[in-house]
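Subject: Structure for your review

Hello,

The structure I promised is below, followed by notes on what turned up in it. Please read them alongside the coordinates.

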Amino acid sequence: MTAHGEVLTRRHVLTLPTEPSAVRIARETAEHALAEWGIGLSHPTVGPALLILGELVTNSVRHAAAVSPQMTVVYAAGSACLALAVHDRHPYQPPLRCMLTGDGGLGTVMELVLALSGTAVVRADADGGGKSIWITLPLRTTAGRPLSNG
């Protein structure tokens, strides 16, 4: 469920090696999953979502590869929202609120999330040895209407 209580009925999970090719593979997989779910690439949320995904996967490659040889990417959607998560086994949990003043990376992620009225959450693994960064983005306007697909 999302912060707004919506059950995300569509879901895809992908495990990748924590290496540079993961960025391309994660993005291509997202494009295929979204198309399969009827969310067109021209949907106004999709471009920013793919950029966010690329930044999160890149961060895992750059900062977690030494301790986390694999990462897991989760894609999920419901009728009104899209969720993305990247999990690795590096214990550092970035303070997302502090990233608003940063350049690139998580600063870009947070700017996009907030511009789209989305949410970003870091969730620690139960053992404290890893974390997931979850991003939730609305697919509908605040009036409840579907956003235009193009």
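Histidine 90 is in contact (heavy atoms within 4.5 Å) with His63, Ala64, Val67, Ser68, Gly129, Gly130 and Lys131, leaving aside its neighbours within four places in sequence. Histidine 90 and alanine 64 are 26 residues apart in sequence, yet their C-alpha atoms are 5.2 Å apart in space. Histidine 90 belongs to the loop between β3 (81–88) and α3. With a relative accessible area of 22%, histidine 90 is partly exposed; here buried means under 20% relative accessible area, exposed means over 50%, and partly exposed is in between, with a 1.4 Å probe and protein chains only.

This is a predicted model, in which local features need pLDDT of at least 70 and side-chain atom pairs count only at pLDDT 80 or more, while totals for chains, interfaces and linings use all residues. Residues are numbered from 1 along each chain as its sequence is written, and side-chain values use heavy atoms, with hydrogens and water left out.

Overall layout

The protein has three helices and five strands, and from the N terminus on the order is β-α-α-β-β-α-β-β. Helices are DSSP runs of H or I with at least four residues, strands are runs of E with at least two, and both are numbered from the N terminus. Of the 150 residues in the protein, 44% are buried. Taking contacts between residues at least 6 apart in sequence, 67% join residues at least 24 apart. The accessible surface comes to about 7700 Å², and 56% of that belongs to carbon and sulfur atoms; areas come from the Shrake-Rupley method with a 1.4 Å probe, and for residues only the protein chains shown count as cover.

Helix packing

Helix α1 (residues 21–36) packs on α2 at an angle of about 150°, with the axes 9 Å apart. Axes are lines fitted to C-alpha atoms, for helices over the stretch in contact, and angles run from 0 to 180 degrees between N-to-C directions. α1 and α2 are therefore roughly antiparallel to each other (angles under 35 degrees count as roughly parallel, over 145 as roughly antiparallel, 65 to 115 as roughly perpendicular and the rest as oblique). The crossing of α1 and α2 is right-handed, meaning that the near helix is turned clockwise from the far one by less than a right angle, with anticlockwise giving a left-handed crossing. On the α1 side the contact is made by Ala22, Val23, Ala26, Arg27, Ala30, Glu31 and Leu34, and on the α2 side by Val46, Leu50, Leu51, Leu53, Gly54, Val57 and Thr58. By class, that contact has 10 nonpolar, two polar and two charged residues. Ala, Val, Leu, Ile, Met, Phe, Trp, Tyr, Cys and Pro count as nonpolar, Asp, Glu, Lys and Arg as charged, and the others, Gly among them, as polar.

Helix α2 (residues 46–64) also meets helix α3 (residues 105–115): their axes come within 9 Å and cross at roughly 155°. α2 and α3 are therefore roughly antiparallel to each other, and their crossing is left-handed. α2 contributes Pro48, Leu51, Ile52, Glu55, Leu56 and Asn59 to the contact, and α3 contributes Gly105, Leu106, Thr108, Val109, Leu112 and Val113. The classes in the contact of α2 with α3 are eight nonpolar, three polar and one charged.

Within α3, the buried residues are Gly105, Leu106, Gly107, Val109, Met110 and Val113. The buried residues of α3 pack against α2, β4 and β5 (131–138).

Loop residues

Just after α3, serine 117 takes a positive phi of about 60°. Most residues other than glycine have a negative phi. Serine 117 sits in the loop between α3 and β4 (119–124) and counts as exposed at 57% relative accessibility.

Threonine 18, in the loop between β1 (10–17) and α1, counts as buried at 9% relative accessibility. Not counting residues up to four places away in sequence, threonine 18 touches Ser60, Val61, Ala64, Ala65, Ser68, Pro69, Gln70 and Met71. Threonine 18 and serine 68 are 50 residues apart in sequence and 6.9 Å apart in space, C-alpha to C-alpha.

Alanine 80 lies in the loop between β2 (70–77) and β3, and at 24% relative accessibility it counts as partly exposed. Alanine 80 and valine 7 are 73 residues apart in sequence, with a C-alpha to C-alpha separation of 9.7 Å.

Regards
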